[in-house]
Amino acid sequence: MNAGTSAFREDMEALKHNFFLRGFFKERGYKSAADLKKNEVSRLPEKMAEKKFDYEARKIFDKPDTARLRNEKVLNETGEFLQSNHFGVAIVCGLHRYEGDSENNHLLTEARAMVVRDYLVRNFRLEDTRIKTIGLGKSDKAPEGGSV
């Protein structure tokens, strides 16, 4: 089973570099599931956030089932706040409604958190190590289409 999984991962890695399939990975908004874990935290802190920004996924992402940003300028308010204020850790959290496959929704929320984090780090003077992500998957607190 491990050999099969390893072979599958190697095949997927090779496919990412295939000219004809490159668009598939670009459409999702990220190249590899391993990218999603780089800056992830295992749980949200118990302490209340100093400031919270909430964005409906449909207002910033291209499609309901992708993590590709469409309207990233909406995130500038968050970036400017983080850039102007000292903070310990900022966590970008993705949530999704109770619909569809749980595993896919969890992966989507992780990807969306990562894409938002990457936008903030690229476009604002922020210390990369202080911006973390978490994808919580399904939540009754998320609006239709999810939130970040």
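Trainee: Strand E1, residues 90-96: how many of its 7 residues are buried?
Mentor: The count is 6 of 7, so to speak, and E1 is mostly covered. Keep in mind that this is a predicted model.

Trainee: Which strand does E1 join, and how do the two run?
Mentor: E1 is joined to strand E2, residues 131-138, by 6 bridges, and the two run parallel. As one example of a bridge, Gly94 has Gly135 in E2 as its partner.

Trainee: How much of the chain is buried?
Mentor: The chain has 148 residues, and 36% of them count as buried. Its accessible surface is about 9,900 Å², with 51% of that belonging to carbon and sulfur atoms.

Trainee: And the contacts, what share of them join residues at least 24 apart?
Mentor: Taking contacts between residues at least 6 apart in sequence, 77% join residues at least 24 apart.

Trainee: Back to E2. Is Gly137 buried or exposed?
Mentor: Gly137, which lies in strand E2, is buried because its relative accessibility is 2%, and the cut-off for buried is under 20%.

Trainee: What is Gly137 in contact with?
Mentor: Apart from neighbours within four places in sequence, Gly137 is in contact with Gly94, Leu95, His96, Asn105, His106 and Thr109. There is also a C-alpha distance to look at: Gly137 and Asn104 are 33 residues apart along the chain, and their C-alpha atoms are separated by 8.4 Å.

Trainee: Changing topic: where is Arg117?
Mentor: Arg117 sits in helix H5, residues 102-123.

Trainee: Buried or exposed, that Arg117?
Mentor: Buried, because Arg117 has 3% relative accessibility. With neighbours within four places in sequence left aside, Arg117 is in contact with Asn39, Val92, Asp128, Ile131 and Thr133.

Trainee: What about Asp118, is that one buried or partly exposed?
Mentor: Asp118 also lies in helix H5. Asp118 counts as partly exposed because its relative accessible area is 26%.

Trainee: Why give both a distance and an angle?
Mentor: Because a pair of aromatic rings is described by the distance of the centres and the angle of the planes.

Trainee: Are Tyr119 and Phe124 buried or exposed?
Mentor: Both Tyr119 and Phe124 are buried.

Trainee: What about Glu80, where is that?
Mentor: Glu80 is in helix H4. At 45% relative accessibility, Glu80 is partly exposed. The C-alpha atoms of Glu80 and Arg125 are separated by 9.0 Å, and the two residues are 45 apart along the chain.

Trainee: Which residue lies over the face of Phe81?
Mentor: Lys51 does, at 5.7 Å from the ring centre. Lys51 belongs to the loop between H2 and helix H3 (57-60), and is partly exposed with a relative accessible area of 43%. Its C-alpha atom is separated by 9.5 Å from that of Thr78, 27 residues apart along the chain.

Trainee: Last topic, confidence. What is the average pLDDT?
Mentor: The chain averages a pLDDT of 77, and 72% of the residues score at least 70.

Trainee: Which elements have the lowest and the highest mean pLDDT?
Mentor: Helix H2, residues 22-28, has the lowest at 49, and helix H4, residues 76-84, has the highest at 94. Over residues 18-25 the pLDDT is below 50, and this stretch has 8 contacts in the model beyond near neighbours in sequence.

Definitions and conventions. Residues are numbered from 1 along each chain as its sequence is written. This is a predicted model: local features need pLDDT of at least 70, side-chain atom pairs count only at pLDDT 80 or more; totals for chains, interfaces and linings use all residues. Side-chain values use heavy atoms; hydrogens and water are left out. Buried means under 20% relative accessible area, exposed over 50%, partly exposed in between (1.4 Å probe, protein chains only). A charge sits over a ring if NZ of Lys or CZ of Arg is within 6 Å of the ring centre and within 35 degrees of the ring normal. Helices (H or I, at least four residues) and strands (E, at least two) are DSSP runs, numbered from the N terminus. Contact means heavy atoms within 4.5 Å. Accessible areas come from the Shrake-Rupley method with a 1.4 Å probe; for residues, only the protein chains shown count as cover. pLDDT is the predictor's confidence in each residue, from 0 to 100. Two strands pair if DSSP finds at least two bridges between them.
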